[in-house]
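Reader: I would like to check some of the labels against their cut-offs. Please give the value and the criterion each time.

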Amino acid sequence: QLASHASTQSFEALASSLVTGINHAMARLVDIWDSIGIMEEQRIERMQTVKKYIEDLLTDMITEEESLRHRIKTSIITTRKQLETLCLELSVEPYKVEEDLTVLQLEKNLRCHLEALQKEKTERLRELNDLRQQDEELCVTLCATPYYIPSGSMPSRTQLQELQEHIKKLSEEKESRVKVFSGLRKDIRRLMDEMGHEPETSLERESVCPDTDIFLLTHENIQALKLLLSQLEVKKESLVSARDKLKDRAISLWNRLSCPEEEAKEFEQEALTTLSDDIRRWQCVVDHLEVLQRAKLEEVIDKARQELVVWWNKCMFGPEQKEPFNAYFCDDNYTEELLNLHDSELLKVKEFYKVARPLLENLEKWEKNWALFQDFERKAADPNRFSNRGGALLKESKDRAKVQKLLPKLEEELKARVDTWETEQGCTFLMKGQSVMEYISRQWEEYRSQKDKEKNERMSKKADSTLFKTPSKRPHGPGSSGMTPNKIKKTPNQLSLRTTTMSSSASSVSSTFLCVPGKPPLSAKVKPPLPSLVHSVCDPPCLILPCYIA
């Protein structure tokens, strides 16, 4: 209010000053007219002209100010409409007009807020354009769907933020795919270089092309590269297998032909740059050696048979598995066809060994422990083993317990492996012509039969030694060796048993005598001791035989 009052006073002062100024101006005009001698009528006309000029000037000024006021009001209306539209487009709260503002202040505030919203709109459109460009590039590279914002619409801050998140995810996906793509290209190029393989298809050419931009990072293209890599790996394995077979063939021919060592340069060379070149080299070696072996067919076939026997033994083949190969038993006609048959059989047996190698190694382990077990059993039956010193018996006992504990585990593992192998191969696995578990069962049966046989032999020998061993003699004279007879009560028709114990400074010996009923004890007679007697368990019951019972 003070400011308004001060403004009103200033305005009144200016108006008063204006009136005073006009009055002074008119007074000077009158003075000038007087000095000039202008008549009264002319003075009136001139006064009217001055008045009209002042009135026109003020009218023009008023008109201009009125026009200004109208423009300001129009601007306020237009700015308000624009603000309402922009608030809707930008999804912001409508602008609230402050109270007690003059028209000029209201117009200025509205205009400033409109300029700020227009700047916000410009920035959003520019940001949307940049983000859309990035999104489109990523979507083209990844064959993805762009983030949808209706054309011609003003994006909200939320939409721009979601678009940024979408672009961030696409960028991370692109980075991940580029990493996978680079790894696949590197592996594919390495495999091609190792094999000496030239790109044949468009996919192979694009996968090794230095320009990575021509290859779209789609899921389909990545899967196609993975498939190509797996195909190249299979091809490499095939080439390696072919190279190894040629090398094994060359080594086999070399050993058969007994070639001199100085000619083995090809075998000492390292592998060539590519597998294809290495295969060609070994193929040349094999071709050369096959030409040499044609001149030594009989010797080569004999060595092939020896090698075949070795592999039969490694595969634990029985006669039933060897007999079908009739060519082995043919001795009269040494031809290349016969040699090829042996080579084919060797190849088949080697392939069988390669497939069944884990199972065969388990069988070898079982046989080794079975042999140890039998060896321990033989040692256990040796009476001289107690003369060993230095803890050998303790070590033998521990090793024996270890083998006894290991054998059942090995047999269980073998059964599981054999079942798996037979299920996968669809045939019975034979060990020396028998199924594995049947072979193991027979080994145990033979072991038990042998133990029973040895036990019976020991019992027979013990019985024979009991019947026919020389009887011991008593010492001469009563009480000469501190002997104390032990009397045994006799019953009719029953033998009398008397046990005499002899002791000396070095040792004591116990002797048992069976006496005929009715006779006095031998210790009652002062005579040399008679041989002890035993009654035979056979008929007739009165037959007396000498016997020593230890």
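Reader: What span does α2 reach from its first C-alpha to its last, and what is expected?
Author: This is a predicted model, where local features need pLDDT of at least 70, side-chain atom pairs count only at pLDDT 80 or more, and totals for chains, interfaces and linings use all residues. Residues are numbered from 1 along each chain as its sequence is written, and side-chain values use heavy atoms, without hydrogens and water. Helix α2 has 51 residues and reaches 73 Å, close to the 75 Å expected at 1.5 Å a residue; the expected span is 1.5 Å times one less than the number of residues. Helices are DSSP runs (H or I, at least four residues), numbered from the N terminus.

Reader: Why is L58 called partly exposed?
Author: Buried means under 20% relative accessible area and exposed over 50%, with partly exposed in between (1.4 Å probe, protein chains only). L58 has 42%, so L58 is partly exposed. L58 lies in α2 (residues 40–90).

Reader: What makes W421 and F429 an edge-to-face pair?
Author: Rings of Phe, Tyr and Trp (its six-membered ring) pair if their centres lie within 6.5 Å; planes under 30 degrees apart count as stacked, over 60 as edge-to-face and the rest as tilted. The structure holds 14 aromatic pairs. In W421 and F429 the centres are 5.0 Å apart and the planes at 80°, so this pair is edge-to-face.

Reader: How do you know that W421 is buried?
Author: The relative accessible area of W421 is 11%, so W421 is buried. F429, at 1%, is buried.

Conventions:
Helices (H or I, at least four residues) and strands (E, at least two) are DSSP runs, numbered from the N terminus.
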